[in-house]
Protein chains: 2
Amino acid sequence: MSRTTLKDIALELNISVSTVSKALSDSYEISEATKKTVQEYAKKHNFHPNKLARSLKIGKSNTIGVIVSNISNTFVSQILDGIQIASQQTIYDIIFMQSREDERIEKNCIDVLRMRGIDGLMIAPVSSGSNIEELKELIKARIPVVIFDRINHKLDTFKVGVNNFKGAYDATQHLIQQGKRNILHITGKNLGVAEERLNGFKAALSDANIPFDEKHYIECGFNSTVDLDSRIKEIIIKEFIDHKNIDAIFGATDVITTRTLGILAELQIEVPTEVAVIGFSNTQIAASLNPALSTVVQPATEIGEIATKKLIDTINQTRPIHEFETIELPTQLIVRKSSL
Amino acid sequence: MSRTTLKDIALELNISVSTVSKALSDSYEISEATKKTVQEYAKKHNFHPNKLARSLKIGKSNTIGVIVSNISNTFVSQILDGIQIASQQTIYDIIFMQSREDERIEKNCIDVLRMRGIDGLMIAPVSSGSNIEELKELIKARIPVVIFDRINHKLDTFKVGVNNFKGAYDATQHLIQQGKRNILHITGKNLGVAEERLNGFKAALSDANIPFDEKHYIECGFNSTVDLDSRIKEIIIKEFIDHKNIDAIFGATDVITTRTLGILAELQIEVPTEVAVIGFSNTQIAASLNPALSTVVQPATEIGEIATKKLIDTINQTRPIHEFETIELPTQLIVRKSSL
DNA sequence: TTGTACGCGTTATCAA
DNA sequence: TTGATAACGCGTACAA
């Protein structure tokens, strides 16, 4: 048995295909009687209209494409949750794809989604300039694009993310208020948001008249977890154990912060008595950690929801938009035991 | 500017649409010269064939639908990773949807995916009988279905998951070997895999001649995290603090296990000296926890990969399959500090 | 109120 | 080697 079509119903009921089509969409042209017959038949035989054919016909797919780096990242999956929530009550379905931090894969994702006839795209781009031509083309083809999270991307369009400067500033200031003066900032290489977070870190130091020490700013590659681990370990051993000149660590990302905690435990360095720790992190188990981890939390769900709403608004706009808005949501500093 | 079509190219190059189509698919019927002209023109003008039209025509969408309960769950997102990896090198694209543990939403997901013309479906069902009629219909319509993770579902089809009995048995046995005899098993309500895990737990106790105490088996509702937390806390206070008759806890899921750790920290109960902890958990930061958490790890990525391969195989099978296989992968017991 | 005819963009068959 | 034509399933202007 293959799938039921309008034609099948028409044949069975001895009426025309268009009558069936109209009856199912509750058209005013059709009599209540036939509507009822058709709709009941459809329900009984579990008729599902073919979206492909429908989209092809009306030139809209009611689909939104989403490209993220990696689904298996707490922060990202929380954003996806928000996207799902916002799209739930709309006519739009969501298709997710992963770029895996690779511009070529990202290009492929864009192509695939485009071929699928998405009505709009939401993307957290790999880098600040990645696939900018492709994205421009989408917009030219009147497929709106919203950029989220990595809002330093150069494309001129709607953007939704957080105020990374302030988030980093607040975290650093908190450590300073706890009497820490030798703070190590660990961040990632080629991380779009890193620069603003570094700026916030520096600004907080500067405002407290603490000189910025180059040695207390470390960039880690992200090639593999092993690399990341050994790199972090190396620097902690050097700066904390050998030179004894660190009293706090500020991690720039979810992964860095949690890995750091693990390494400190492994090296039997007591948190927060020997070293205080705080970092950007959206892991739900921050409170379950021992010691409970102080974090800069990004409003992930909200980012997803706002981005989705913005995109849908833009899709439904009849005339092209030329004035774009960048929304920077505030982060939230949650102080727990690891930095007290 | 709207999107380019075969027609546009044909018009521009003064050849027929079918010639363009054949040239682009590198047909042997077309001369090298025209092929070259067409392909170059297509590349230059960034032509993307319309997949909707293509799928409609050939009756295959080269799309696989995936339904999971909740993307923002470590274990689930690891499975999705595996699915992505396995599909990467194939012609198939993946569409994810979330059921949020709700059978009606799950039904809606199935309908949407079906309307989208998926060639196959992978699903971790909400419950053991959820939407069984819908799924049967899919199979009747020759759209293969593979069930993963929640392999206790009653539908007769391919299933890929883990051996929950053995995973639970191993964890419990390990605790017993550490000299623990009063083990609390915390599990979830309406959790498909709970029963097998409970059986494994009981079997290990029985094999060590330890009687099973009803009071040491707790089911938690999953309505909200707050409920879960307070329920776990309540039972720990009663059994550990008041009656002092627990020396170990075995958590049945990722969420339960990590929440338990948090609550123990909050109550200032020392792990593992006062209470040993082990549990099913796929969180990547188990090693980063303090104390490092002993876990029963499920081969999530592998589950995703195998399920995907099985599904694609089935899709490409010309004749319907009537003998289905259930693959139960082994779990891995990783002993860390929390249970030593 | 219902039916006919056409087109969305593609592929496949067959004729030129 | 190329092109005309039909068809996939649906929606809609127009005719009946």
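**Helices and chains in contact**

Modeller: In chain A, the axes of helix α5 (residues 74-88) and helix α12 (residues 300-316) come within 7 Å and cross at roughly 45°. Axes are lines fitted to C-alpha atoms, for helices over the stretch in contact, with angles running from 0 to 180 degrees between N-to-C directions, and helices (H or I, at least four residues) and strands (E, at least two) are DSSP runs numbered from the N terminus. This is a predicted model, in which local features need pLDDT of at least 70 and side-chain atom pairs count only at pLDDT 80 or more, while totals for chains, interfaces and linings use all residues. Residues are numbered from 1 along each chain as its sequence is written, and chains are lettered from A and ligands numbered from 1 in the order in which they are written.

Colleague: What are α5(A) and α12(A) to each other?

Modeller: Angles under 35 degrees count as roughly parallel, over 145 as roughly antiparallel, 65 to 115 as roughly perpendicular and the rest as oblique, and α5(A) and α12(A) are therefore oblique.

Colleague: How many residues does each chain bring to the contact?

Modeller: Two residues are in contact if their C-beta atoms, placed from the backbone, lie within 7 Å, and here chain B gives 44 residues and chain A gives 44 residues. Among the elements of chain B that give two or more residues to this side are α4 (51-58) and β2 (93-98).
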